[in-house]
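Please consult the sequence and the model while reading.

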Amino acid sequence: MRALSSAWPPDQEKVALGSVISSAGKILIVEDEFLVALQLEDILADGGHAVVGTVPDMASLGSLGDVPDVALVDLNLRDGLTGPAIAHDLSGRYGARVIYVTANPGQIDTPAATAIGVVQKPFTRQAILAAISYALAGCPDSARPLELEPLRQQTA
């Protein structure tokens, strides 16, 4: 009888642990400004997510060790306006959802196929975590956060 009571409630512990794990994501930060990247890392860690790397330029993309679920992508990086090309690469190679984090959304010419929106700089903790949660939930129309701006539609 004692062994049964000490294991109680086993199902609740598994459910609670499973819900924490399932809400966590593997996030890649594409940002060249050290303090901004550090701020994003802190926000993501506090939100229970794993940062799989920080990429400040196109050359650093080759050292990526883990496949990201979501990439937070700035546009203007250490080597110029290479964020859009990195977003396309991550989308095509890994199918990672892309969230552009930029003060210049007009510089997104053709969004990556898996891009879901833009969080404007300066950003808030809430804006980043809401956008990540939305991406990890599969981008349900009814749950799109206000802080995640839709991508500009391309005209033919």
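The structure is a predicted model. Side chains of opposite charge can pair when their charged atoms come close. The count of salt bridges comes to five.

**Aspartate 57 and arginine 78**
- Aspartate 57 forms a salt bridge with arginine 78, and their closest N and O atoms are 3.0 Å apart.
- This pair links distant parts of the chain, 21 residues apart: aspartate 57 is in the loop between β2 (50-55) and β3 (70-73), and arginine 78 is in the loop between β3 and α4 (83-94).
- Aspartate 57 counts as buried, because its relative accessibility is 10%, under the 20% limit.
- Arginine 78 counts as exposed at 57% relative accessibility.

**Aspartate 74 and lysine 121**
- A salt bridge joins aspartate 74 to lysine 121, with 3.1 Å between the closest N and O atoms.
- The two residues are 47 apart and link distant parts of the chain: aspartate 74 belongs to the loop between β3 and α4, lysine 121 to the loop between β5 (115-120) and α5 (125-136).
- Aspartate 74 counts as buried at 6% relative accessibility, and lysine 121 counts as buried at 18%.

**A pair within helix α4**
- Arginine 93 and aspartate 89 meet in a salt bridge of 2.5 Å, N to O.
- Because they are four residues apart in helix α4, about one helical turn separates them.
- Arginine 93 is partly exposed, at 46% relative accessible area, and aspartate 89 is partly exposed, at 24%.

Terms used: Residues numbered from 1 in each chain as written. Predicted model: local features only at pLDDT ≥ 70, side-chain atom pairs only at ≥ 80, totals over all residues. Heavy atoms only, no water. Salt bridge = Lys/Arg side-chain N within 4 Å of Asp/Glu carboxyl O. Buried < 20%, exposed > 50% of the residue type's maximum accessible area, 1.4 Å probe, protein only.
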